[in-house]
Amino acid sequence: MSHEIEPISDPGLPDHVHRATDTNPVAEKKAERQVAILFLLSAVGTILFIASYIFIPTTEFIFLPVMGTTNAHELFLGLGLALALLFMGLGAVHWAKTLMPDEEVIAERHEFRSEESDREDFVATVKERAAAAGLGRRSLIKRTLGLSGGLLAASPLLLLRDLGPLPKNQLQTTSWKTGTRLVTDPGNRAIKPSDLEVGAVAQVLPQLLPGEERTLNNIGKDAVLLIRLRPEEFELSPERLSWTYEGIIAFSKICSHMGCAVALYEQQTKHLLCPCHQSTFDVPRAAKVIFGPAARPLPQLAITIDSEGYLVAQKPFTEPVGPSFWERSS
Amino acid sequence: MSAPQTPAGKVANYVDERTGAAKWLKKNLTKVFPDHWSFMLGEIALYSFIILLLSGVFLTFWFDPSQREVLYQGSYQPLSGIKMSAAYVSTLHISFDIRGGLLMRQIHHWAALLFMAAIVAHLLRVFFTGAYRKPREFNWIIGVGLLTLGIVEGFLGYSLPDDLLSGTGIRIAEAIIQAMPVVGSYLSFFAFGGPFPGDAFIPRIFTVHVLLLPGLFLALITAHLMLVWYQKHTQYPGPGRTEKNVVGYPLMPVYMAKAGGFFFIVFGVTALLSALASINPIWLYGPYTPGQISAGSQPDWYMGWLDGLVRMSPPIETHAFGHTISWNILIPGLIVPGILFTGMALYPFIESWFTGDKREHHLLDRPRNAPNRTALGAMSLTFILVTLLNGGNDIIATHFSLTINQIMWFSRIGIFVLPPIAYVITKRLCLSLQRADRDLVLHGKETGRLMMSAEGEFIEVHEPISKEKAWTLTQHEQPVALEHLTEDEHGVRNPNSRGSKLRARISRADAEQIQKPGGDTHREIE
Ligand code: HEM
Ligand code: FES
């Protein structure tokens, strides 16, 4: 194959084309006036801002199409600010574009690499100084300096130790004990099986002992969902079936994936759905994961009733609730 | 020399006698900056950072970073008498009782979204034009650092008000920390001062959000800009523009006026958005409690890709020897992001390895003239797009009446299949654009006018393009594939033969180009 054409060469920077404002005094005056008007409009924006701050009460609301109901005070404050800023900017840009010099200039670049002689001088200086200090010879000094420097740098990490306690068994345990009553959340009322119709769901928490306070830390581990099915709808092992009571089954509400609250129950399909990443748990089959990233079923809480007929935990959870962690054994 | 007479002259004299600033300023006030709209993307990022500093400092005057529980008695009636954290109360107070407070919250949040969008757009501009090549690798790495910190900073800010949505985000962050092998539960307890959610986390991230990270941002942004200043800006190819010069406008007055004006425009647009469009109405979500959740939970968009990855991950955990490893969290939450960001940071070095190009570059590439890079970029973007799509799967499902199941499987397969397809299509597209350029230079542009030839055939009249345009279309270099060297020039066997083979293969893909008119005709590919 041959050259179809000769290589094209750089024609160089094209000639500068003058703008109307460079050559025509009328156009120049006009541009000047436009810039001034833009700056004045900016001042109008600031006045709107100040007036809204003073005169529009913070309790005033107005309806905006598309955007809905908005606080009028904040709206006009914002509009005033926006106009003030926008016109200030537009004025400056218009000024630069119409009235400031628009001829392109050329500047040279220089290579960043130092001259060879400078580099050699640099290396020579470093070597000479290092030799004068005996860096090459005095290895004892270097090693001890390295050792103590390392120690000094690492030890402040120690100060971070008190950021928090050690986990101990706190990730493994909850407040649920044998015989703990289930109480409604909100409301803190103990419940009887008859309070729940078939198909209903309820969020419950462990009943507080006198003097105990409920913290968010507790809720983060203790929250439980009760769901009532018809007993014949369960497909459970005999052991797990014995953890239910008259069709009522209880699961940890804290997602086994990353700990969100598993809040959506679909009555027809009997699925529990976590809105965070859509892990879906099949209630009749002990919350087996049927979709999504969760790798484990929701832990099931064994329940029964106490002598007064209130729902209680048969025993604590048999596995840790919530997301996985290294020390978790199953 | 006569003594200065005017007040300004006296001040200048006073300062210069003590610093010698005049010499430096004289040189730098006429510094030349090339002009192009795509160079404004970095500016937008800088300006929105300044807006974040201003609005953020305003918010700190009233925001109370405390997880102390209080009963709300404030002016927003629907939440009256409900238990919530002091942080949430103070955010309600800023929104409803401080004049301009809601506006400032909205400005802060909109500016954060704009900041991240501008960083990403700026990064894409730099990538697709090859601006990260020698000598600008340091600035590329600083940029990747700023992007990473920006994501963290945004997430922490979003978490501060302690509403139901942001608390859910913290819950997920905690699960990622907790999932780390061996150290996870310890790190989580240290970060939260005990079990989740505790009462230490918000005060701690507040310090990080308003002091530690802004400080780091300032340091990194300063270094970034100093390097731009010192190394001079890159420029797009064109007549008169070479590797050895910069063509543009001087700093004073044109650039100062334009850049200064542009700051006000960016601020003005942010203020306009904030006045009109409500963002993060935390009073509608309610205070955080671990037992509740709002349906359709969505993070801000710059976290959406991570959420999408987590959502599509298959349900795999390993249980062995009394321990658990949650691959379903580690892979999407730590491993894949780690690979993505490391790969991004190292890309300039990877490219220079497989092109063998160790020279300085100050002229930008037109993306079509670097088909391999452009295709790699499109491939990565497609990957992120699939994750973003899956991050909004619940929203998409309801809007387009699909099932979440369908979108999830689309994403799980698409994440592997679509990026390579994007690579192939983009590369072809680049090559056909190169072909079009070539035709333009060789045959001129179509005029739309028809002419009858001597044989009675209609042909379209072509007009030659200007010599400036022809130069712009042909000034670039075209790469030559590197040889696979099994022996070095002295005939010694290359110990790194496998690396060299891989390099030769990538290099061959990189050198696949349509030969430019007037270029070196000895190359095989066409
Ligand atoms: C790159 C920088 C920054 C980003 C991306 C960012 C992002 C955010 C976001 C998304 C929020 C949630 C706002 C909401 O919707 O309520 C927030 C809250 C907050 N930010 Fe920032 N921010 C940045 C810098 C700063 C700085 C420099 C300060 C102060 C010096 C600051 C102070 C605050 C405060 C006090 C809040 C909580 C108040 C509230 O939400 O009403 N931020 N930040
Ligand atoms: S936290 Fe429930 S699916 Fe992820």
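How many helices and strands does the secondary structure of chain B come to? The answer is 18 helices and 8 strands. The model described here is predicted.

**Chain B overall**

Chain B has 526 residues, and 52% of them are buried. Along the principal axes, its C-alpha atoms fill a box of roughly 90 × 80 × 65 Å. Of the contacts in chain B with a separation of 6 or more, 73% are between residues 24 or more positions apart.

**The iron site**

Two histidines of chain B coordinate the iron atom of ligand 1: His108(B) and His209(B), each through NE2, at 2.0 Å. For six octahedral donors the ideal angles are 90 or 180 degrees.

Gln106(B) and Ala275(B) are 169 residues apart in sequence, while their C-alpha atoms are 7.8 Å apart in space. With neighbours within four places in sequence left aside, the contacts of Gln106(B) are Ser274(B), Ala277(B), Ser278(B) and Ile279(B).

**Two helix pairs in chain B**

Helix H6 (residues 137–159) and helix H7 (residues 164–178) of chain B have axes that come within 8 Å and cross at roughly 130 degrees. H6(B) and H7(B) are therefore oblique to each other. On the H6(B) side the contact is made by Phe155(B), Tyr158(B) and Ser159(B), and on the H7(B) side by Leu165(B), Ser166(B), Gly169(B), Ile170(B) and Ala173(B). These residues divide into 5 nonpolar, 3 polar and no charged.

Helix H12 (residues 301–312) and helix H14 (residues 371–391) of chain B pack at an angle of about 80 degrees, and their axes are 7 Å apart. An angle of 65 to 115 degrees counts as roughly perpendicular, so that term applies to H12(B) and H14(B). H12(B) contributes Trp301(B), Gly304(B), Trp305(B), Asp307(B), Gly308(B), Leu309(B), Arg311(B) and Met312(B) to the contact, and H14(B) contributes Phe383(B), Ile384(B), Val386(B), Thr387(B), Leu388(B), Asn390(B) and Gly391(B). The division here is 8 nonpolar, 5 polar and 2 charged.

**Arg171(B) and chain A**

Arg171(B) lies in helix H7 of chain B. Is Arg171(B) buried or exposed? At 7% relative accessibility, Arg171(B) counts as buried. Not counting residues up to four places away in sequence, Arg171(B) touches residues of both chains: Gly220(A), Ile254(A), Met258(A), Gly259(A), Cys260(A) and Pro323(A) in chain A, and Gln178(B), Phe196(B) and Tyr288(B) in chain B.

**Backbone exceptions**

Most residues other than glycine have a negative phi, and most peptide bonds are trans. The table lists exceptions.

| Site | Feature | Angle |
|---|---|---|
| Asp185(A) and Pro186(A) | cis peptide bond | omega about 0 degrees |
| Lys134(B) and Pro135(B) | cis peptide bond | omega about 5 degrees |
| Ala286(A) | positive phi | phi about 55 degrees |
| Asn280(B) | positive phi | phi near 50 degrees |

Pro186(A) is found between strand E4 (182–184) and strand E5 (201–206) of chain A. Pro135(B) is in the loop between H5 and H6 of chain B. In chain A, Ala286(A) lies in the loop between strand E10 (280–282) and strand E11 (288–291); at 13% relative accessibility, Ala286(A) counts as buried. Asn280(B) is in the loop between helix H10 (251–276) and helix H11 (282–285) of chain B, and Asn280(B) is likewise buried, at 10% relative accessibility.

Terms used:
Residues are numbered from 1 along each chain as its sequence is written. Chains are lettered from A and ligands numbered from 1 in the order in which they are written. This is a predicted model: local features need pLDDT of at least 70, side-chain atom pairs count only at pLDDT 80 or more; totals for chains, interfaces and linings use all residues. Side-chain values use heavy atoms; hydrogens and water are left out. Donors are N, O and S atoms within 2.8 Å of the metal (3.2 Å for Na, K and Ca); water is not among the atoms, so sites may look incomplete. Axes are lines fitted to C-alpha atoms, for helices over the stretch in contact, and angles run from 0 to 180 degrees between N-to-C directions. Helices (H or I, at least four residues) and strands (E, at least two) are DSSP runs, numbered from the N terminus. Angles under 35 degrees count as roughly parallel, over 145 as roughly antiparallel, 65 to 115 as roughly perpendicular and the rest as oblique. Contact means heavy atoms within 4.5 Å. Ala, Val, Leu, Ile, Met, Phe, Trp, Tyr, Cys and Pro count as nonpolar, Asp, Glu, Lys and Arg as charged, and the others, Gly among them, as polar. Buried means under 20% relative accessible area, exposed over 50%, partly exposed in between (1.4 Å probe, protein chains only).
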